[in-house]
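Keep the sequence at hand as you read.

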Amino acid sequence: MPPFSTATEQAQLLRNKDISAVELLDLHLAQIDAHNPDVNAIVTLDIDGARAKAQAADAALAKGKLLGVLHGLPVAHKDLADTAGLRTTYGSPLFADHIPNVNGLIVDRQQSAGAVTLGKTNTPEFGAGSQTFNPVFGATKNPYNLAKTVGGSSGGAAAALATGMVALADGSDMGGSLRNPASYCNIVGFRPSAGRVPLWPEPRAWQSLAVEGPMARTVEDVALMMTAIAGPDARSPIALQESGARFSQPLGRDFTGTRIAWSENLGDLPVDPAVTKTLNAQIPTFEALGCQVEKREPTLTEADSVFKALRGYSFAAGLAPLLENPAQRDQLKDTVIWNIEYGLNLSIKDLYQAEQQQTLLFQRMHTWMEQHDFLVCPVVQLPPFDVTTEYPTEINGVAMQTYIDWMKSCYYITVL
């Protein structure tokens, strides 16, 4: 039974009228009361709004109307996603009281599919870094060990799912923000291809580095959410035209003969032995499914410089005006300032070389993947670290030069 049953199971219970949306909401609110004071995952809670949406879902079903594939399911939205009438801070004191007038598209699509918005989940300031803390709400703690980080930047969403506070949650991902906290909290985070879940509003409509996507406790639940949030939108010029309905197809398949490239370090990254041990322990599982597992490392030499250039450009394009006002600059964390200034200091040559190198990297990996159906690799390079540590400064004795260097196992994939 809820709240730890899957979202797919909860949806079926609602459709069968075995539980009402209001009853399901109350079960999740009880989980929030029990666990949120410890983990600090949900930072803005809208009980009245959620109850009104749950009551509307029950009223509709009483008339035989299903509101959509997420009918009555309690969800929470990352505090980077705009929510009309509901505080959205971006983890920044500059926006501590900000209330948007419109929803982001990913929020709209969930609500249009019948989801019940509970509130907002914690994120680092402007989503910068894979450790979830900010001066507005503080740090989110790992439910498996409150002394450890949940990762980030969709850390609040991951912790909320792991503790049964919500059935589904959304997140965003530039350098690993859907994948890193999912790994640290034993849930599923899925970074879709750029344009699969269109971004709106988005001032740089052609950018493909940052995406939004689903988080859940199971792969099946991720697919359920994708049916609601994927699909074209005319306001996004890079939106893929395929309907989200493709994700409603059965997930079962025969893996006999499936070719898997098994990477321990994506070529040359320092990886904690505990991560390698955990990863390699799963090889027999894949072999039992009939997969052909081959240990192979891709060559991703250019990925680091490409990502840092494109990320810096993105930070400068979006946040540079905040540096112009000394009072605003003083309220930004040092790593955000560094990332904006990194972007501002890029030359035209830096940018066109990054695009050229990204193209060469993609072409090389396209050829490499013609020999494999899947690449299996570490999501993170080390286990969860102390929640009071801003970011790891070394892995296996290798110094991390910036606050994002320890995230390479995620952001190398981003540039592909």
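Two strands count as paired if DSSP finds at least two bridges between them. This model is predicted.

**The sheet**

Strands S11 and S12 pair in the parallel sense over four bridges. Within this pairing, Arg-259 has Gln-292 of S12 as its bridge partner. S11 covers residues 259-262.

The open sheet has three strands, in the order S12-S11-S13, and its pairing is parallel. S12 and S13 are the edge strands, and each pairs on one side only. From one strand to the next, the twist averages 30 degrees. In general, strands of a sheet pair through backbone hydrogen bonds, either parallel or antiparallel.

**The pocket**

Now turn to the second largest pocket. Its volume is about 1,000 Å³. The lining of this pocket is made of 38 residues. Leu-80, Tyr-90, Phe-126, Glu-202 and Pro-203 lie nearest the centre.

Which element gives the largest share of the lining? That is H10, with six residues.

The lining of the second largest pocket can also be sorted by class:

| Class | Lining residues |
|---|---|
| Nonpolar | 18 residues |
| Polar | 12 residues |

Glu-202, one of the residues nearest the centre, belongs to the charged class.

How values were computed. Residues numbered from 1 in each chain as written. Predicted model: local features only at pLDDT ≥ 70, side-chain atom pairs only at ≥ 80, totals over all residues. Heavy atoms only, no water. 1 Å grid on protein atoms, 1.4 Å probe; cavity = no way out; pocket = protein on both sides within 12 Å on 5 of 7 lines; lining within 4 Å. Points joined across faces, edges and corners; volume = space filled by probe spheres on them. Helix = DSSP H or I, 4+ residues; strand = E, 2+ residues; numbered from the N terminus. Axes fitted to C-alpha atoms, helices over the stretch in contact; angles between N-to-C directions.
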